[in-house]
Amino acid sequence: MTSLVLCVIALGAVSGWFRAPSASAEAARPGQTLTLAWGGDVTPGSSYGLPPLHGQTMLASVADIFESVDLAAVNLEGTLGRGGNAKCGRGASPNCFAFQAPAANAAALWSAGVDVVNLANNHAFDYGAIGARLTVQSLKRFGVRSTGGNGQISLIDLPRARVAALGFAAYPWASPIRDLRAVRRLVARAARSANVVVVFMHAGAEGGGQVHTPNRDEQAYGEQRGSPRAFARAAVDAGADVVLGSGPHVLRGMEFYRNRLMAYSLGNLAGYSNFALGGNSSLSGIVRVRLGPQGAFAAGAFTSLRLTGPGLPSVDQTRASARLISTVSSQDFGRRGVRVLSSGEIVARG
């Protein structure tokens, strides 16, 4: 966790290379190594269920992971604040879900050490432009940054580097995931402004059986959601240093391309009676990476999680998530796919 502008503060004892520097440490120069963590989808409450204490304990089991890195990020599914018209009006499809929680439920993210959220997804406009604006305002009150608007590049100044964060999805309010020429232009512009470029993508088919990442365009509920593989490679070719995916609501594989990590989906991280559970839908995880001075992958680790109760994460000692990621990474990407060791370390197969 970082204060985003001023410094990185050490919070508790964290082993290994994920230890955050102490406040008294010598100031780091931009362009040095930095660490980041990525979780999956988070919905901090909705009409389907509201967590107690405005969700402040929803992510308690993983807060130490987020607080151990320079930059922690998740995909925010839904809106915060009260206002706007729900997209699921009378006669809407039973597959239409509109998520909105009180503004104070941004505490679910803040209390866990989340620094930035991706809003390039299908739920950012569940309550129209008003709901989207209220969401950004609610996040700001708790010091949580957001990105993912159409053409938006969020610059985050850290002691270790200047980070550019941007998100893509197949919706008019997000940067366009299916227009690869536009993707390259926007990512290249971000790379000229920052030491490290973090790209979020919301793509892919949904459901418990969608653990594989096909090398083609994908659809869900009649929506054309782009080709995750083609998008990720276009983004890295243009200057992205890590590509972090969401959308399928299940775990997918990870691969290396030009020594950059692409994590295609980490499933759901936390909800409150929002997400379907059981089987692959209950498997989750958090990936942590250390990036070198020029943004290349230097090291990584994966924590296996399982969603229980209303949909809250807990560490899974059976490592089912890690085994699934290792398996589908090999099947989908061959030698480019990652392996997750018993220690949780992420390594290349080749």
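**Packing, pocket and a loop**

Mentor: Let's begin at Leu-261, which, leaving out residues up to four places away in sequence, touches Asp-241, Val-242, Val-243, Met-254, Glu-255, Phe-256, Val-287, Val-289, Phe-297 and Val-338. Keep in mind that this is a predicted model.

Trainee: Which residues have the most contacts inside the largest nonpolar core?

Mentor: Leu-261 is one of them, along with Leu-36, Met-254, Val-287, Phe-302 and Ile-346, in a core of 38 residues. Helix α6, residues 320-333, gives the most to this core, with five residues.

Trainee: Zooming out, how many helices and strands does the protein have?

Mentor: Six helices and 21 strands.

Trainee: Of the contacts between residues at least 6 apart in sequence, what percentage join residues at least 24 apart?

Mentor: That comes to 68%.

Trainee: Changing topic: which residues lie nearest the centre of the largest pocket?

Mentor: Phe-97, His-123, Glu-206, Tyr-221 and His-249, out of 24 residues that line the pocket. The space in there is about 510 Å³.

Trainee: How does that lining divide into nonpolar, polar and charged?

Mentor: Ten residues are nonpolar, nine are polar and five are charged.

Trainee: One last spot. Where is Ser-273 found?

Mentor: Ser-273 sits in the loop between β16, residues 268-270, and β17, residues 283-291.

Trainee: Why does Ser-273 count as partly exposed?

Mentor: Its relative accessible area is 41%, and partly exposed covers the range between the buried cut-off, under 20%, and the exposed one, over 50%.

Trainee: What is Ser-273 in contact with?

Mentor: Setting aside neighbours within four places in sequence, Ser-273 contacts Tyr-48, Gly-49 and Pro-310. If you want a distance to check on screen, the C-alpha atoms of Ser-273 and Gly-113 are separated by 22 Å, and these two residues are 160 residues apart along the chain.

Trainee: Great, thanks for the tour!

Terms used:
Residues are numbered from 1 along each chain as its sequence is written. This is a predicted model: local features need pLDDT of at least 70, side-chain atom pairs count only at pLDDT 80 or more; totals for chains, interfaces and linings use all residues. Side-chain values use heavy atoms; hydrogens and water are left out. On a 1 Å grid over the protein atoms alone, a cavity is a set of points where a 1.4 Å probe fits but cannot get out, and a pocket is an open set with protein on both sides within 12 Å along at least five of seven lines; lining residues have an atom within 4 Å of a point. Grid points are joined across faces, edges and corners, and a volume is the space filled by probe spheres set on the points. Ala, Val, Leu, Ile, Met, Phe, Trp, Tyr, Cys and Pro count as nonpolar, Asp, Glu, Lys and Arg as charged, and the others, Gly among them, as polar. A nonpolar core is a set of buried Ala, Val, Leu, Ile, Met, Phe, Trp, Tyr and Cys residues joined through side-chain atoms within 4.5 Å. Buried means under 20% relative accessible area, exposed over 50%, partly exposed in between (1.4 Å probe, protein chains only). Helices (H or I, at least four residues) and strands (E, at least two) are DSSP runs, numbered from the N terminus. Contact means heavy atoms within 4.5 Å.
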